[in-house]
Amino acid sequence: MDLELLISPSGLGKTEHIINEIAKEKDNSKIIVLTPEQNGYNFERILCDRFNGTFNIDVANFNSLSRKLVKEIDNNKLISDEINLFYYLQIAEDLKESNNFLVNRMINDVNFIEIVDNIIKELKEYNIDLDQLDDYINNLDNDSHKEKVKAISEIYFNYNLKLQNNKKLDKTDYIDNILLCLDYIDLSNYIFYIDGYYNFTPKEYLYIEKLVKNSKKMVISIISDISRYVNCNLEQLIKGYDILNLKYYNLSLNDVYKNVSYSLDIYRKSHEIIAHINNIIKKLKITRYNILTIVQDNNKANKILLELENNKILARKNLENYDNRYKDNFSLAYLVDQYPKILKSQTNIFDDSVQVFEADDMELEIKQVARNIIKIKKEYEDKELKLKNEDIAILYRNSDYEKYKYIFKNYNLNVHIDKDLSIENHRLIKLLENILKFDDNNLAVEVMNILKTKLTNFDNIYKQHVLNYICYDTFKVTKTLEKKSLSTTI
């Protein structure tokens, strides 16, 4: 059980350090890099550029890691996406006489089921049960909000009941089974690197705990500043001064939420990650681990390794220094320094180029975004200027935003979602997989899998080859087809 925290502000070389570590370890260990889905392609490209391939190295996110682990575990209880859809349709049919407004939306628009499913997945992801939902409903004063939460609570209850009656698990519940089984999967030769995340869900923290416990080594990259967590002057460490009684603050979630210096800090979300990791360290009774930090000083990035036992820094090593890409006071370091001062002061330093608005839910939020775009375009037209759609960018926080793309169409706005699309389920990829993995012993199923991609002109093949053979020797062909288990299909 070897743990290393890689703590540094953005742009100082955390990912480069991980790539260098992989170069040292890849021949003797199995490497898995966990990075957000939108960052996966870039990381793969970096690895290919550096190593001319990714043999013995997997790039994954927590969802794709789950899919890999499912192969190691009996998955007979796991329901498919198609069955999941029918569960919701059955629930909608069962509740169609109720006053549940979500049920009517699901019956009239099958695509809306995906939105309801995402809400329920998020409730499960954050371990919100029905009792907690009931308590929340009872404490709501807004009748409109109460109606919405009651509607989702009713579907949530019936969905769990449907799974229970059929003795099945959905993907979110199945992760709990995977986490239980992780103690019985041999990860002793695996090194895990976690890079590019700004936050984790409760289940992802459980994943991290299991991986730390069972793997050969875990390296977690966190965007933050080590000075928030130690009791020493970093400049003195960089210069190699011998400082006694160095300590690492054992930051907790209570510290993050109650201490103003953390709650107002630009790295607040990172402090939450640190606090959760500290909690994992306590639970697993890890006494010794390392913190590697990269510190900016005079346009140089300085890499320092701290060896910890409990909250004491036993040793530190100045590993290397190199040129830093931030060169002036407009750097990230300047922003980090000024951010808490801005929050603490009551002076409004912003002009009308920045506007903040809030909405009760994401649907209303996106409608407001659409209205704002229309308003801005109208203002340009009044000035006899033209604002094109490609001149406007919307930065959104998660993929749920994409489910409401239809709202923009309602406002006659054409929106292009710029993202890395997974080609895992592309028809051409499926066709190539089915051809490469073709099994003669299961001919009918294999041919049907190829046909389902709809990329083969089977009619033409049939007319040119099969019919010619049938005309030549009907009896012989029929016997051959029976032998190949294809006579019924033909």
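These legends walk through several close-up views of a predicted model.

Local features are kept where pLDDT is at least 70 and side-chain atom pairs where it is 80 or more, while totals for chains, interfaces and linings use all residues. Residue numbers start from 1 along each chain as its sequence is written, and side-chain values use heavy atoms, with hydrogens and water left out.

A search of the whole structure turns up one cavity of 30 Å³ or more. Here a cavity is a set of points, on a 1 Å grid over the protein atoms alone, where a 1.4 Å probe fits but cannot get out. Rolling a probe the size of a water molecule over the atoms shows where empty space is left. The largest cavity has a volume of about 90 Å³, a volume being the space filled by probe spheres set on the points, with grid points joined across faces, edges and corners. Its lining has 13 residues, a lining residue being one with an atom within 4 Å of a point. Which residues lie nearest the centre of the largest cavity? They are Asn84, Lys121, Tyr159, Asp170 and Lys171.

**View B. What the cavity lining is made of.**
Helices α4, α6 (112-125) and α9 (171-181) each supply at least two lining residues of the largest cavity. Helix α6 gives the largest share, four residues. Helices and strands are DSSP runs numbered from the N terminus (helices: H or I, at least four residues; strands: E, at least two). By type, the lining splits into six charged, three polar and four nonpolar residues.

The closest N and O atoms of Lys124 and Asp170 are 3.0 Å apart, and the two form a salt bridge. Lys124 sits in helix α6 and Asp170 in the loop between α8 and α9, so the pair ties together parts 46 residues apart in sequence. A salt bridge needs a side-chain nitrogen of Lys or Arg within 4 Å of a carboxyl oxygen of Asp or Glu. Lys124 is buried at 6% relative accessible area, and Asp170 is buried at 5%. The cut-offs are under 20% for buried, over 50% for exposed, and partly exposed in between (1.4 Å probe, protein chains only).

**View D. Asp94 and Lys162, across two helices.**
The structure holds 19 salt bridges. One of them joins the side chains of Asp94 and Lys162 at 3.8 Å, N to O. This pair links distant parts of the chain, with Asp94 in helix α4 and Lys162 in helix α8 (residues 143-165), 68 residues apart. Buried or exposed, what are the two partners? Asp94 is exposed, with a relative accessible area of 55%, whereas Lys162 counts as buried at 17%.

Lys213 and Asp183 meet through their side chains in a salt bridge of 3.6 Å, N to O. Lys213 belongs to helix α10 (residues 202-214) and Asp183 to the loop between α9 and β4 (190-194), so parts 30 residues apart in sequence are tied together. Both partners are partly exposed: Lys213 at 40% relative accessibility and Asp183 at 31%. Elsewhere, salt bridges that share partners join Glu21, Lys24 and Lys217 into one network.

Leu85, Phe86, Leu89 and Val110 make a nonpolar surface patch of about 310 Å². Patch residues have over 30% relative accessible area and no salt bridge; nonpolar side chains (Val, Leu, Ile, Met, Phe, Trp, Tyr) are joined within 5 Å and like charges within 9 Å. Areas come from the Shrake-Rupley method with a 1.4 Å probe, and for residues, only the protein chains shown count as cover. Leu89 is in helix α4 (residues 81-94). Asn111, in the loop between α5 (101-108) and α6, is exposed at 61% relative accessible area.

**View G. Two lysines with positive phi.**
Lys167 is not a glycine, yet has a positive phi of about 55 degrees. Lys167 is in the loop between α8 and α9 and counts as exposed at 68% relative accessibility. Lys285 also has a positive phi of about 55 degrees without being a glycine. Lys285 is in the loop between α14 (268-283) and β6 (288-297), and is exposed at 72%.

Key: On a 1 Å grid over the protein atoms alone, a cavity is a set of points where a 1.4 Å probe fits but cannot get out, and a pocket is an open set with protein on both sides within 12 Å along at least five of seven lines; lining residues have an atom within 4 Å of a point. Ala, Val, Leu, Ile, Met, Phe, Trp, Tyr, Cys and Pro count as nonpolar, Asp, Glu, Lys and Arg as charged, and the others, Gly among them, as polar.
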